[in-house]
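Please look over the sequence and the structure before turning to the points below.

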Amino acid sequence: MKSNMWKKTAITAMAMIMLTTGAASAFADGRGKDHGNDYKKGNGWHDNDRDRDDDDDDDDDDDDSKIKVRWNFKDEAQLEWALEYIMRLAAKGVFTGYEDGTFKPKQNISRIETLTAAVRLMGLRAQAESAAEMSTELQFKDVDKLEKKYPWAVGYVAVALENDLFAETETEIKPEQNATRLWSTILLIKALKLEGEAKALNNTKLDFKDANQIPAGSVGYVALALQKGIITGYEDKHGNKTFRPNQPVTRAELAALLDRTDNEMPDHDAQAIAGSLKAAPANGQLTVVKSDSTELTLAIDPTVFIFRDGKKASVSELQAGDKLFLRTYQNKVVFIEVTEKAPVQLAFAETGTVNTMTFNSQAKLSTISITKEVNGQTTVLIYNVDANAQIVGDVSKLTTNQLVEVKGENNIVKTITIK
């Protein structure tokens, strides 16, 4: 299995990473407890969700711009390969942690948690949490359980139903049932509005030893998800490939599935951008130079999450020349991964007399060589000169045999001081 199918770049675990973005209890069954445990009254969906007036039930409440992102997880050491996926989704308010400060990456995820995440990924969070959707009279047989244990999820189920995320034959929500690999695959393909494309692939022959466990009407969904890299199969040491359609999905695995699906989503509020950092960030902004040489200046969100050198980093640690992968949300950079660090800057400072100088077509100094004595031996040092190099002192004295000090990095002079 290719490593980039499970992780876009190698990332090590880092110290104390946490997020409780959006409803802190959203994926703790709406109550901040594990599946099957007692539920704590009063800790509903909106308790820690947004700054809002309690008496304001307008749809305006559900402005996603009010979502707060805070980072920290007590069980961060368990996040392992899913760490980056989780952070990117958190920045968009799609996937969150539990009220007790954990994420529980290895815990199986329920159908209601998965449905909620899919609706958010589709950009329908505001609609799902609106008064109109929350008051929907659902027709499922187990609606009473939903309304009693997961009242915050009524709007999400309503929106999921309106967007064909349920099969026509489903009569129950089954909120607490584990989400399986096959069920999750079908759900995410439907969230992408690719049901027609999936059905056209129903006669595809899947190269899995357990392909006979996948219903004929679901084959196309699996085939399309494989094509798009949303989900992968398993391969044992003997080369046998399996899909394991009925295997429960963990929270970490769902984070990976959601992130891959997000890459296929047309999202006008979010962008994925790759490029090189032009200069150290300043005034809450950074400028990246894309592969086509175009420059893009972006505002940095105060909650931005940064990976550099395999660990959490601050904005001040970003260096000119770093190659970046950025995620933006609502026109602000919310996630930065340094995919390749800028070359090590080897600083130098040398003093000697000017030997030769050359100039470019704009009459700017382009190279300089100086002569100096080292242990009785005469040495000539040749340097390129930065186009914006600073000359300190009387410029008219910058001639052959003039004593100067040159300073710079990586054999490029940034400052010339006339002695």
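In this predicted model, residues 24 or more positions apart account for 66% of the contacts in the chain with a separation of 6 or more.

**The chain as a whole**

- The chain has 419 residues, and 48% of them count as buried.
- Its secondary structure consists of eleven helices and 13 strands.
- The accessible surface amounts to about 20,500 Å², and carbon and sulfur atoms contribute 47% of that area.

**Strands 9 and 10**

- Strand 9 covers residues 347-359 and strand 10 covers residues 365-374; the two are paired in the antiparallel sense through six bridges.
- Met 357 has Ile 368, in strand 10, as its bridge partner.
- Together, strand 9 and strand 10 make a hairpin in which five residues lie between the strands.
- Within that turn, Ala 363 shows a positive phi of about 65°.

**Strands 10 and 11**

- Strand 10 also runs antiparallel to strand 11, which spans residues 377-392, and eight bridges join the two.
- Ile 368, the partner of Met 357, also stands opposite Tyr 383 in strand 11.
- Strand 10 and strand 11 form a hairpin with two residues between the strands.
- In this hairpin, Asn 375 adopts a positive phi near 55°.

Definitions and conventions: Residues are numbered from 1 along each chain as its sequence is written. This is a predicted model: local features need pLDDT of at least 70, side-chain atom pairs count only at pLDDT 80 or more; totals for chains, interfaces and linings use all residues. Side-chain values use heavy atoms; hydrogens and water are left out. Helices (H or I, at least four residues) and strands (E, at least two) are DSSP runs, numbered from the N terminus. Buried means under 20% relative accessible area, exposed over 50%, partly exposed in between (1.4 Å probe, protein chains only). Contact means heavy atoms within 4.5 Å. Accessible areas come from the Shrake-Rupley method with a 1.4 Å probe; for residues, only the protein chains shown count as cover. Two strands pair if DSSP finds at least two bridges between them.
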